[in-house]
Amino acid sequence: MKVSGVHYLVGQGIENIWKNRMMAFASFCALLVSLVLVGISILAYQNLDSMIGGAESQNEVIVYLEEDTSADEINRIGNEIYQMQNIADVMFYSKEEAYQDWEDQMADYGILFESLGDDNPLIDSFRIQVQDIRYMNKTVSQLEHLDHIYRVRAPYDFVAIVTQLRTILTWVMSALILAMIFVSIVIISNTARTSVYSRREEIQIMKYVGATNAFIRLPFFIEGMITGFFAGCGALVITWVVYDAVSGVLQNQVALLSVIGVGSMIRFDAIYLPVAFAYLLGGALLGAVGSALSTRKYINV
Amino acid sequence: MVELKDVSVTYSSGVDALEHINLKINDGDFVFVVGASGAGKSTLIKLLLKEIDATSGTVTVNGYQLSHLKKKQIPELRRTIGIVFQDFRLISKMTVYENIAFVLRVIDAPRKYIRKRVPYVISLVGLQAKANSYPTELSGGEMQRVAIARALVNDPALIIADEPTGNIDPELSYEIVDLLRSINMQGTTVMMVTHEHELVRRFGGRIINITEGQIVFDDIMEGSDDEFLEELEISRISENLENPENLYHES
């Protein structure tokens, strides 16, 4: 095909949007709804996942050291822990600090501390945060094998809840996203088929005068691509507005934020580029392929 | 040139639409194909356009042997054939000019050629004043003339007109046949399928009569005074009396 031929067909694709504006509008709406459904589902999943991640980061493994462990030993153990895999943060918590904090917390029971005199019954410890709580067991086991370790206390209940929560979330959201994708495919293919059905005679005439399948499909492809692109733009705007509104509401929920962590919600301005890219590309591709494929039934004349 | 050798078509339903047809239409011929509804005329057209395949026998159209033709080559074959339908089949969202020009765009003709050729063809069918009109703004006769211009524009070797006068007034029918005749005079082979015996009576020429999937008559007749044409008319009337459903189809 010559360049002028391609130019003509691209022009036809653009022109057809206006000539078949009702069907083009229907396709636009179908694509818009589909993109928003899938897009918001994915973003919701990512945010919930990030919130669980936020809660996860608050995990704390406490490694109690044996009494009479020297300062050098403590340093060495600290370095060893720091160099282990799956360790996000290590903080030494001396028995003096622990005593002080304890005393502060129990300020109302000063008499209790008086009875202890100068004795400090507490022991030195390391407060550790692990990177991935799924590997908590392995990390704890490694910690237990270090020298001068009295005991390791890990938040197993917390880990179990969070891990289960994440598994449930992944399954539920994957099912939801798949369902949304399925619904979208049904909506898009039906709309595209209706659109092509209304122009089946046009396609048949083209076939009778010797048009190749590519010649017939290209304008439909272009038409679908442009419609899909604009649907992607619309979906981006809707998602942006909805996202801002929802995150605005959540940012004001102090109690909730204390659980999920302030930084757990993904800010839209941090992700708008990949989201925009996915919407525009996804819309254009879905529109183009959907309408080009729908011509198949009428093209075999 | 169109050549059918011992061609039969049996549909999947078991209906024998054409049976052992032998037919040759030479370049430059003008042929009327007549026959009652269901006789096999439409099957013949579908066969020539390779919309369907022959169950047996060989079909050659404009040098293409259709049984050897790959799916990819069908557009190539169809570009050598101009087709005129009873219901015009114009694209309603295109003007007269665009309806005709797009046939040339299909074959990737240069723009310059399109700009020159389309107005010329429009003038041949006498629709210069309607070039920018849409099909809905035209009369039945005008729409059929656009369809003929569309069939003619890429200079096909063969024009197949399927009941081209079926949807227009009788007086306009003569104009349409006259137009097809004049196109034929320029060297284009024309195959006009019709069940309007009055037209055939008036114009005469080579007449192929298909009845129940078989060619029962293929000869040249002279025109309105010809005895055969009278007989054809009488036989049609008696056939209709025997099979009243034909009258229903014709109406």
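This is a predicted model: local features need pLDDT of at least 70, side-chain atom pairs count only at pLDDT 80 or more; totals for chains, interfaces and linings use all residues.
**View 1. Contact between chain A and chain B.** Chain A brings 17 residues into contact with 15 residues of chain B. On the side of chain A that touches chain B, helix H1 (3-19) and helix H8 (200-208) of chain A are the elements that give two or more residues. H8(A) gives the most, with five residues. Sorted by class, this side of chain A has nine nonpolar residues, along with four polar and four charged ones.

**View 2. Helix H7 (residues 156-197) of chain A and its packing partners.** H7(A) has 42 residues. From its first C-alpha to its last, the helix reaches 60 Å, close to the 62 Å expected at 1.5 Å a residue. Buried residues of H7(A) include Val159(A) and Val162(A), as well as Ser184(A), Ile188(A), Thr191(A), Ala192(A), Ser195(A) and Val196(A). An α-helix has 3.6 residues a turn, so residues three or four places apart point the same way. The buried residues of H7(A) pack against several other helices of chain A: helix H2 (21-56), helix H6 (136-144), H8, helix H9 (213-251), helix H11 (268-294) and helix H12 (296-299).

**View 3. Strand S6 (residues 81-84) of chain B and its pairing with strand S7 (residues 158-162) of chain B.** S6(B) is covered on both faces. Ile81(B) and Ile83(B) are buried on one side, and Gly82(B) and Val84(B) are buried on the other. S6(B) and S7(B) run parallel and are joined by four bridges. In this pairing, Ile160(B) of S7(B) stands opposite Ile83(B).

How values were computed:
Residues are numbered from 1 along each chain as its sequence is written. Chains are lettered from A and ligands numbered from 1 in the order in which they are written. Two residues are in contact if their C-beta atoms, placed from the backbone, lie within 7 Å. Ala, Val, Leu, Ile, Met, Phe, Trp, Tyr, Cys and Pro count as nonpolar, Asp, Glu, Lys and Arg as charged, and the others, Gly among them, as polar. The expected span of a helix is 1.5 Å times one less than its number of residues. A residue is buried if 20 or more other C-beta atoms lie within 10 Å of its own, exposed if 12 or fewer, and partly exposed in between; C-beta atoms are placed from the backbone. Two strands pair if DSSP finds at least two bridges between them.
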